[in-house]
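Reader: Could we go through this model together, one interface at a time?
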Amino acid sequence: MATTQETQRSEPATAEGKAELDVFRYIPEEDDEPHTETYEIETFEGMTVLDALIKIRDEQDSSLTVRHSCRMARCGSDAVYINGTQRLACNTQVSELSQPIDVEPLPRFDVIRDLVVEMNEFYDRMESVEPWFQPDHEPETGEEYLQSPENRKNIDTVLDCIWCGACTSSCSPAATDSDFPGPAALAKAYRFYKDEREGEETRKRRLEMLESSHGIYRCHTQFNCTEVCPKGISPTEAIMEMSRDAVKEKLRFWR
Amino acid sequence: MSTQKPSKTAGWNWFLQRVTGVGLVVLLGFHFAVEHFIVGAANVTAGNTVERITNGLIQGDHVLGQITINMPAFLYQATAISLLGFSVFHGMYGVYNVLMEQDTLRAYEKPIKYFFIVFSAALFVQGILIFLAFFEPFWQVYDPR
């Protein structure tokens, strides 16, 4: 569907010139239902979608609401749905997009106002996997929990998560199953599951916890989360590795 | 998640879903090769089906030309029963999973689960009964030739 829409659009905007944005608007106190408003703006070289939205808010419509903070793809607060894909507005160049540029809030999240969505359910999902360090015992030497470079390398792939919610928004099982933690939470669980400093007991307990009937086995292996992650993380691969490990544990029934 | 009980069966079911998925690729490949490329769907009769199931004799002159394969009977029968079992498990467990992912059906989790167990068992038994019907004296009931 997205591909068809893309092909019907015009060529991307030039580095400097004009761009047209179709922005999702909904102010619960004023609007009966959501609608789209079209804005035309002057672009500049290097302009991101977030720059464009801020420009609209500053120059055309001060009621436009968008959540943002660091503007450098570190805080994850401005994840939105741009031309049919979950992206960070601050990390998406206007010049790379076909026009008109559709900007909507993250699908499957409740809309608070305009492009701002309710993140509490997402944070609850994250917390459900106990995303904090739980060592079995005190550090062996000194005051630090030392980690081997090899082990650190194992979790490198998932450490960059910025909790933007793009992956969870793209995940089909997470949309219909509120007990499924979703890709971001499971990638976070993987980060601690693979951390050698936690110890064998905690590792086993984490794996058992993730093995509920609405846990890791709910992943459809669609790789939607992997495709949209702005940090290049592959939650699907992390989930599959944990699923394989859990089944391997079961297959060693004689131990 | 942390408040949910670990499941003893979820892992096994996930594993079996994958095993049967791979198995189906192989078994369906065999099924299509025999029924559609060697025998030909239009040429399938009760008579040559009885030959295949009871004697493992695969004969046909279709897309792949004239071919005769004399498989050990037990091997052909094993592929037929495996195809039945794998399809029932893979299909039914897949649909059951999709239903269980719907929050709106959460209240009916147990009835749905037991329905699928009973329905899957019934499908398998029905398939076995059809399979047995090709053996004497069952096949005579159908007067295949």
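Reader: What conventions apply here?
Author: This is a predicted model, in which local features need pLDDT of at least 70 and side-chain atom pairs count only at pLDDT 80 or more, while totals for chains, interfaces and linings use all residues. Residues are numbered from 1 along each chain as its sequence is written, chains are lettered from A and ligands numbered from 1 in the order in which they are written, and side-chain values use heavy atoms, with hydrogens and water left out.

Reader: How many residues of chain B are in contact with chain A?
Author: 20 residues of chain B are in contact with 28 residues of chain A, contact meaning heavy atoms within 4.5 Å. The two chains bury about 2,100 Å² between them, 56% of it on carbon and sulfur atoms. Buried area is the accessible area (1.4 Å probe) that two parts lose on being put together, summed over both.

Reader: And how many salt bridges between chain B and chain A?
Author: The count is three salt bridges, each a side-chain nitrogen of Lys or Arg within 4 Å of a carboxyl oxygen of Asp or Glu. Arg218(A) and Glu101(B) meet in a salt bridge through their side chains (3.6 Å, N to O).

Reader: Which element gives the largest share of chain B's side?
Author: That is α1(B), with six residues. Helices here are DSSP runs (H or I, at least four residues), strands likewise (E, at least two), numbered from the N terminus.

Reader: Switching topic: how is chain A divided?
Author: Chain A has domain 1 (2–117) and domain 2 (120–251), with bounds from an automatic or database domain assignment. Their C-alpha centres lie 31 Å apart. The contact takes 13 residues from domain 1 of chain A and 15 residues from domain 2 of chain A.

Reader: What area do domain 1 and domain 2 of chain A bury between them?
Author: They bury about 1,100 Å², 56% of it on carbon and sulfur atoms. On the side of domain 1 of chain A, Gln86(A), Arg108(A) and Phe109(A) lose the most area to domain 2, together 49% of what that side buries. The count of salt bridges between these domains is zero.

Reader: Lastly, where does UniProt list a "transmembrane region" in chain B?
Author: The unreviewed UniProt entry lists residues 12–34, 74–93 and 114–135 of chain B; such positions are given in the numbering used here, feature names are shortened, and annotations may be inferred rather than shown by experiment. Residues 12–34 of chain B are 100% helix and 0% strand, with end C-alpha atoms 32 Å apart.
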